[in-house]
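Please look over the model below before reading my notes. Keep the sequence beside you as you go.

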Amino acid sequence: MNLMLTASCNDADKFKEFAYDRIKHEFSDWCDNSKSIFAKIDQNTVIELFFDVNPSKLKEWLSKKSTKDIFETHNFIPTRYKFDKLEF
């Protein structure tokens, strides 16, 4: 499964520096981290792409207190979408 999310947060730059960059190494537990993409849409909105996601491992990671604390600290509110590779 591949996953795209858009999320609102208090400050996209601070979220990137003080959350995403600090925990990105943990993503390898539940996806192919070498393909992960982060982008800022505006000051309060980000987009992230994750590839080859293991849903059960992702669920475990999301339930961790440290993950929940980051979401709360940055008022990080994601909307998740699954997507597949286009085949022509």
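1. **Ground rules.** This is a predicted model: local features need pLDDT of at least 70, side-chain atom pairs count only at pLDDT 80 or more, and totals for chains, interfaces and linings use all residues. Residues are numbered from 1 along each chain as its sequence is written, and side-chain values use heavy atoms, leaving out hydrogens and water.

2. **The sheet.** Four strands form an open sheet in the order β2-β3-β1-β4, paired antiparallel. The edge strands, β2 (37-42) and β4 (77-83), each pair on one side only. On average, neighbouring strands are turned by 20 degrees against each other, direction ignored. Strands here are DSSP E runs of at least two residues, and helices are H or I runs of at least four, numbered from the N terminus. Two strands pair if DSSP finds at least two bridges between them.

3. **Inside the sheet.** Strand β1 runs antiparallel to β3 (residues 45-50), and six bridges join them. Ala7 stands opposite Val46 in β3.

4. **The helix.** Helix α1 (residues 12-23) packs on the sheet and touches β2 and β3. Its direction makes about 155 degrees with that of β2. Axes are lines fitted to C-alpha atoms, for helices over the stretch in contact, and angles run from 0 to 180 degrees between N-to-C directions. Contact means heavy atoms within 4.5 Å.

5. **Asn2.** Is Asn2 buried or exposed? Asn2 counts as buried because its relative accessible area is 14%, and buried means under 20% (1.4 Å probe, protein chains only). Asn2 lies in strand β1 (residues 2-8). Its contacts include Phe50, Tyr81 and Phe83. A polar atom of the Asn2 side chain lies 3.0 Å from the backbone nitrogen of Asp52.

Key: Buried < 20%, exposed > 50% of the residue type's maximum accessible area, 1.4 Å probe, protein only. Polar contact = N/O pair within 3.5 Å; in protein donor to acceptor, adjacent residues only side chain to side chain. Lists of a residue's contacts leave out its neighbours within four places in sequence.
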